[in-house]
Amino acid sequence: MPIYAHEGLWILETHQTAYVLGLHTTGLLAHRYWGAKLPYPDDYPGDLIGEELVVGSYVLQDIPFDGLGNRVPQEYSTGAGTEYTEPCLKVAFADGVRDVWLQFERAEASDCELKIYLCDAVYPLSVTLHYRVWEAFDLIERWVEIENKGDTPVTLERVWSAQWHLPIGEHYYLSHLNGRWANEFQLRREPLVEGVKVLESRRITTSHHHNPWFGIDRGTADEDRGEVWFGVLGWSGNWKIAAEVTDFSSTRVNIGLNDWDFRWSLEPGQTFTTPSSIAGYTEQGFGAASRHLHDFIRETVVPHGGAPHKVLFNSWETTLFDVDESSQAQFAETAAEMGIELFVMDDGWFHGRKDDYAGLGDWWPDAKKFPNGLGPLIDRVNRLGMDFGLWIEPEMVNPDSELYRQHPDWVIHFPTRPRTEGRHQLILNMAKPDVQDYIIEKIDRLLAENNITFIKWDMNRNVSEPGWPDAPGEPRELWVRYVQGVYRVWGTLRQRHPRVVWQSCSGGGGRADLGILRFADQIWVSDNTIPTARLAIQSGFSHVFPASTMEAWVTDMGEEFLPLDFRFHVSMCGVLGIGADLRRWGEKEIAEAKKWIALYKEIRPIVQQGDMYRLGPLAADDFTGVQYVSKDQMSGVLFAFLLHRLDPATPLILYPRGLTPDRLYTIEGYPGARSGAAWMKTGVQVRLSNFSSTVCRIWGEN
Ligand code: GLA
């Protein structure tokens with residue numbers, strides 16, 4: 001049983017880990033353990049370590065400066081009494097009382113879910129903590145429901161999804177993903193010290209600047225070894241991570257909706273449900289932490305997890321807004337010749353879209369560019385044996401559009417302020433049901449009338465003047481209701497058109513999270529397609545997301561200093577695409593592209609569905625490798641990249657991973673079959689000159 005009660009504890013066990021909570025004698029719901037699964041139920045600590053305050057020979061249970069709530073690691077702290085650590089829940093009752101005193105009511109456990117029902121000691125406010133055990137993935141999912149059982153509204157000011165606790169009394173390092181537009185997913189690692197380290201988004205979308213992911217270790221973990229506690233938030237809007245080290249050496253990671261400018265009026269009888277946080281523990285380093293998330297995302301989150309992701313062509317970097325039937329048809333011919341499977345027409349195809357000053361909102365084909373609609377182009381693409389995909393940016397509107405002229409009040413704005421434009425566009429208020437219905441109607445029609453099997457859903461700016469003048473209630477509910485609106489629109493379209501594959505894009509990787517991956521199978525990782533920059537971006541991305549979600553195009557960026565094979569190899573580490581200006585590619589380039597696309601189709605099941613290993617010296621960013629191994633460990637593929645190494649004499653050695661130790665393997669380019677153990681322990685030396693790369697296949701023997 002993954003969940004059982006034992007001696008006042010609730011024990012949640014996955015394949016290799018355990019998560020334990022219990023009631024403290026004072027009634028507080030306390031965290032007891034999160035780490036490796038232990039052999040016996042009695043092994044899990046029932047009494048709390050670290051709650052006594054010991055000063056020399058004084059042992060104090062209660063002192064006025066640090067109440068017990070401050071010292072007992074709680075599952076869901078609320079800042080009650082003399083508790084000053086970061087609370088998960090902050091509310092204001094109608095009479096002005098602004099704290100919550102939670103009491104345990106009851107627990108309910110089923111096969112894989114534990115529900116703990118708590119309620120306020122005085123007020124009719126109930127809090128249900130949900131824990132779902134994902135046994136096979138070694139993950140625990142947590143979310144919370146808050147229900148107002150009274151007859152006056154309660155204002156929620158903060159409501160987080162989880163507080164994840166690390167073993168008390170130790171020192172930890174926080175790994176996180178930092179960045180900005182065109183430089184997303186840069187891995188950072190820093191010591192956690194007393195105080196609060198905050199990572200967040202306040203931009204109404206998720207992830208250019210930070211991703212809602214954390215990895216915690218003791219400062220000693222590497223890709224293969226060491227304890228790592230890690231987690232994510234499945235949410236596509238404003239979020240916050242507050243990693244706190246208390247004055248009593250308790251380290252915890254709070255994760256949930258951002259409380260910045262957040263208010264939610266919880267009316268009588270209503271329930272507020274938080275997004276989920278999913279977290280795990282491993283003793284096998286950051287690599288294993290990533291693979292747990294990859295499996296979970298592929299098998300339980302994305303809509304078409306097991307299906308092969310097609311090699312695509314995208315028109316953006318070729319034609320920008322200048323798309324029309326005949327030019328696109330011409331590219332389609334070349335794309336088909338190269339072996340492309342999916343032809344995606346990017347921006348520029350819809351009513352009035354000649355540049356980025358006009359058109360967003362008017363989601364029907366531009367009559368000048370497509371006098372007979374999209375049908376003829378799509379037919380042509382289909383006849384060439386390819387699927388057809390289309391770019392849209394449904395949450396946006398240009399002031400120069402029919403939609404805006406009809407509904408200037410549909411955008412997010414403060415009536416007394418100028419409407420700040422970003423890329424000449426404003427944001428539609430997706431919290432409004434009439435806005436949602438308009439988008440559903442327009443995109444549904446496009447999908448119903450045309451044979452479109454792929455949609456790139458973009459979102460190209462961040463919020464400003466976050467007003468909702470005609471809000472039916474609390475206007476600061478915008479932050480959450482906007483995302484719920486996006487989910488409703490996307491969910492409705494997905495339901496009506498289940499075979500369509502969606503890509504989540506937000507000026508590159510601005511919306512990469514497990515919330516959006518319930519709808520989208522792929523993510524456009526960055527607008528930066530320079531392959532050398534891409535190596536770091538892709539490596540950071542891979543800490544959370546599997547290669548099957550990582551769209552990676554070969555473009556013309558970097559052509560002045562990188563050979564075409566290098567550019568292909570980088571993109572072959574994810575879902576391969578071509579976004580180059582094909583008019584500039586001669587016969588030689590086309591032939592080479594053909595070769596790499598054919599190889600990619602052969603290795604695609606391993607790259608997209610296998611286990612990924614980041615290889616190479618940890619600190620080096622001039623020499624790196626990535627390896628993928630099929631789930632049955634029978635085949636693999638290894639990529640190696642050398643940038644500019646100042647010391648050319650250092651040997652370039654990669655140590656393969658994930659092979660069966662006593663099975664014989666052949667690695668392309670290396671003589672003889674050797675055991676998996678031999679390859680993994682002695683490594684392979686690669687011969688690369690500056691700015692070059694290689695790819696080798698790995699075959700196991702039966
Ligand atoms: C964003 C995307 C690009 C492209 C353009 C189109 O920048 O990230 O890939 O689709 O919009 O305007």
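How far from an oxygen atom of the ligand does a polar side-chain atom of Asn460 lie?

Analyst: The distance is 3.0 Å, from a polar side-chain atom of Asn460 to an oxygen atom of the ligand. The model is predicted: local features need pLDDT of at least 70 and side-chain atom pairs pLDDT 80 or more, while totals for chains, interfaces and linings use all residues. Residues count from 1 along each chain as its sequence is written, and side-chain values use heavy atoms, without hydrogens or water.

Stay with the ligand. For Asp347, a polar side-chain atom sits 2.6 Å from an oxygen atom of the ligand. For Lys456, an N or O atom of the side chain is 2.7 Å from a ligand oxygen.

Now the open space. The second largest pocket holds about 550 Å³. A pocket is an open set of points on a 1 Å grid over the protein atoms alone, with protein on both sides within 12 Å along at least five of seven lines; lining residues have an atom within 4 Å of a point. The second largest pocket has 24 lining residues, and Gln284, Ala288, Arg291, Tyr613 and Gly658 are the closest to its centre. The largest share is from α2, with 5 residues. By class, the lining splits into 8 nonpolar, 6 polar and 10 charged residues. Asp, Glu, Lys and Arg count as charged, and Gly counts as polar.

The whole structure has 4 cavities of 30 Å³ or more; in a cavity, a 1.4 Å probe fits but cannot get out. The largest cavity holds about 50 Å³. Its lining is Glu200, Ser201, Arg203, Thr205, Thr206, Ser207, His208, His209, His210 and Asn462. That lining has no nonpolar residues, 8 polar ones and 2 charged ones.

Next, a charged side chain in a strand. Arg142 lies in β11 (139-148). Arg142 counts as buried because its relative accessibility is 1%, and buried means under 20% (1.4 Å probe, protein chains only). Its side chain makes a polar contact of 3.1 Å with the side chain of Tyr19. Such a contact is a pair of N or O atoms within 3.5 Å; within protein, one must be able to donate a hydrogen and the other to accept it. The side chain of Arg142 also reaches the backbone oxygen of Gln163, at 2.8 Å. Residues that Arg142 touches (heavy atoms within 4.5 Å) include Tyr19, Glu75, Tyr76, His130, Trp164 and Pro275, leaving out those up to four places away in sequence.

Last, two backbone points. Asp138 is in the loop between β10 (125-134) and β11. Its phi is near 60 degrees, a positive value in a residue other than glycine. Asp138 is buried, at 2% relative accessible area. Phe185 is in the loop between β13 (173-178) and β14 (186-191). Phe185 also has a positive phi, about 60 degrees, and is not a glycine. At 1% relative accessibility, Phe185 is buried.

Definitions and conventions
Helix = DSSP H or I, 4+ residues; strand = E, 2+ residues; numbered from the N terminus. Buried < 20%, exposed > 50% of the residue type's maximum accessible area, 1.4 Å probe, protein only. Points joined across faces, edges and corners; volume = space filled by probe spheres on them.
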